[in-house]
Amino acid sequence: MSAELASPIQREFNPWLAAEARFDEAAERLGLDEGICKILRTPARELTVHIPVQLDDGRLEIFTGYRVQHSIARGPGKGGIRFAPDVTLDEVRALAAWMTWKCAVVNIPFGGAKGGVVCDPAVLSDGELERITRRYTAELVEFIGPESDVPAPDMNTNAQTMAWIMDTYSMHKRHTETAVVTGKPLDLGGSRGRPEATGRGCMIVTWEALRKLGINPSNTNVVIQGFGNVGGMAARLMSRAGMRIVAIIEYDGAIYNPHGLDVDAVARHRRETGSILDFPEAENMDRDEALLLECHVLLPAAKENVITSQNADKIRAQIICEGANGPTTALADKILEERGIFVIPDILANAGGVTVSYFEWVQDRQGFFWNAQLVNGRLEEIMVNAFRDVVGYAEKHKVNNRIAAYMLAMDRVAFAVKLRGIYA
Ligand code: NAD
């Protein structure tokens, strides 16, 4: 759909348009010159492949796959591979740029990349998925690699997919090359701490924000939307750190207890009943109302476009920590800023995952693996530094934290581009 033809609501809910609006504002504030802006806007490399794969019933099908390296100025491309029926090259391009900014905010030596295969995993067998993954990887062998572009899991791909990619790449190279992907199983060169890294990162930056605002973390009410990998882990870690998780919101409703929920008990209840609802020590609540509860911290960790121009004026949180990608629309940004709500933007808040992916790549290349304590300590150091860098930028340039994060990231990439010079 062309952006010009979209309705105002469609425009507000289009995450790529939102990212573009933030890029434009940050570029203007930074006073970036036009040529550098063109470089930062344009993907460095794009590959489209059409791969024949035999299905279980013997038919041959052609699948289309993409890999886009948006920027390789600061290091190898880094970013996930998604399998979904509606993947488009435009979406992959936008997600690759998003990864460039995320890696630059936390100052890890990676650029940004993303990949996707147009397929519907819901109707494909494991064998078919494996054949698609291997043939797609074979087409990418010259394009990806530990020094050029390091994929990871994303929507509908997982540690098993990464193991297939690593194996296929290694077969072509005639030696085992674990550092070609991250998010691998622990026994194949994965890192300790990776599954909980994104939630842990959210906890660390939330803690920093509370300190910054002079709020005592042990007297803090937290509302979490999404009790999955990011939200579930953040809930556990925040609760262990002494914060009170007063509400959890899922797709089928919310639960609320003003005295705090026992997060492990909620997880057990969901395993046993299939839902967080009807948890004995909480009351059920409407999921949209729960988002508007008065609290110190709201952690949207489910999906995009949750805080919009429709509800931003009713949010009663002092801090919003964006565990999900794109939970706040650009129109909502303005409203939250006017209301003085402290937003920890997604490209900072959920960058713990890619940071531990970086650690995985380092460990694979060293052939020497760290214990959980070392991983978590180094993650904390990087997240705290990135938080302080972003907040420092926001104060210095008198902009909100999101624009500050974009400015910081774009400044770092632009600096690398200028320092390297233009090869002619
Ligand atoms: P997940 O699938 O493990 O968890 C998402 C949870 O949200 C599920 O429990 C789901 O039932 C719930 N949910 C879905 N729709 C909802 C709705 N409308 N209201 C309330 N709850 C709803 O996914 P995840 O890996 O935790 O990712 C969540 C978000 O974080 C996504 O935006 C993802 O892109 C982002 N993210 C994840 C990682 C990571 O390392 N997993 C890293 C960076 C960003």
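1. His 70 and its surroundings. Not counting residues up to four places away in sequence, His 70 touches Leu 40, Arg 41, Thr 42, Pro 43, Ala 44, Ala 96, Ala 97, Thr 100, Trp 101, Gly 112 and Ala 113. Contact here means heavy atoms within 4.5 Å. His 70 sits in strand β2 (residues 60-71); strands (E, at least two residues) and helices (H or I, at least four) are DSSP runs, numbered from the N terminus. His 70 is buried, because its relative accessible area is 4%. The classes are buried, under 20% relative accessible area; exposed, over 50%; and partly exposed in between (1.4 Å probe, protein chains only).

2. Basis of the model. This is a predicted model, in which local features need pLDDT of at least 70 and side-chain atom pairs count only at pLDDT 80 or more, while totals for chains, interfaces and linings use all residues. Residues are numbered from 1 along each chain as its sequence is written, and side-chain values use heavy atoms, with hydrogens and water left out.

3. Domains. The protein chain splits into domain 1 (1-32 + 193-350 + 374-424) and domain 2 (43-177). These bounds come from an automatic or database domain assignment. Taken over C-alpha atoms, the two domain centres are 26 Å apart. At the contact between them, 23 residues of domain 1 meet 16 residues of domain 2.

4. Ligand shell. The ligand has 20 residues around it, and Thr 198, Asn 229, Val 230, Glu 250 and Asn 325 come nearest. A residue counts as near if one of its heavy atoms lies within 4 Å. The shell residues divide into seven nonpolar, eight polar and five charged.

5. Polar atoms at the ligand. A side-chain N or O atom of Glu 250 is 2.5 Å from a ligand oxygen. Tyr 251 places a backbone N or O atom 3.3 Å from a ligand nitrogen. A polar backbone atom of Gly 323 is 3.4 Å from a ligand oxygen. Of the 820 Å² of accessible area that the ligand has on its own, the protein covers 68%. Elements giving two or more residues to the shell are α7 (194-212), α8 (229-240) and β7 (244-250).

6. Asp 278. Which loop holds Asp 278? Asp 278 lies between α9 (263-273) and β9 (283-285). Asp 278 counts as exposed because its relative accessibility is 56%. Leaving aside neighbours within four places in sequence, Asp 278 contacts Ile 255, His 269 and Asn 284.

Terms used. Polar contact = N/O pair within 3.5 Å; in protein donor to acceptor, adjacent residues only side chain to side chain. Areas by Shrake-Rupley, 256 points an atom, 1.4 Å probe, with all protein chains shown as cover. Nonpolar A, V, L, I, M, F, W, Y, C, P; charged D, E, K, R; others polar.
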